[in-house]
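The stops below go from single residues to the whole chain.

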Amino acid sequence: MMTIRHLAFAMLVLSSTILVFEKVPGISAQLECKGSLSDIVSQCQAFVKKEGPQIPPSDACCETLKAADIPCLCKYITPVIQSQISIEKAIYVVKTCGGIIPPGTKCGSYTVPPSPPPLMA
């Protein structure tokens, strides 16, 4: 009898945890997508700030991004995040680091445009 109660309690806790994680974008992204959001923020925040010029990212930022599934993380860009970073700069940083973000990928309300055609010599 106690075993059934313990099992029921465990299932309740697990179900509640899943529901809470679905409501918190950072946690959901961390569970679903590769990479560490906290590492990306700490290593790359200087390169994606809204203010200031677009500058090439550091090697540490690029290494952190290489471990992440950026198109997956894009699904978790909220209006709050968009108000704090430049999505255009973030896309530039990812591409500069050798990452691929397919055209048409939605990062918050921003849609990644197609790459420009190569220049003719």
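**Stops on the tour**

Select Ala 46 to begin: this residue is partly exposed, because its relative accessible area is 44% (buried is under 20%, exposed over 50%, partly exposed in between, with a 1.4 Å probe and protein chains only). The model is predicted; local features need pLDDT of at least 70, side-chain atom pairs count only at pLDDT 80 or more, and totals for chains, interfaces and linings use all residues. Residues are numbered from 1 along each chain as its sequence is written, and side-chain values use heavy atoms, with hydrogens and water left out.

Ala 46 sits in the loop between helix H3 (37-44) and helix H4 (59-66). Helices (H or I, at least four residues) and strands (E, at least two) are DSSP runs, numbered from the N terminus.

Next, select Ser 86, in the loop joining helix H6 (79-84) and helix H7 (87-96). Is Ser 86 buried or exposed? Ser 86 counts as buried because its relative accessibility is 11%. Its side chain reaches the backbone nitrogen of Lys 89 at 3.1 Å. Apart from neighbours within four places in sequence, Ser 86 is in contact (heavy atoms within 4.5 Å) with Val 48, Lys 49 and Lys 50.

Now show the whole protein. It has seven helices and two strands, in the order α-α-α-α-α-α-α-β-β from the N terminus. Of its 121 residues, 28% count as buried.

Key. A polar contact is a pair of N or O atoms within 3.5 Å; within protein, one must be able to donate a hydrogen and the other to accept it, and residues adjacent in sequence count only if both atoms are side-chain atoms.
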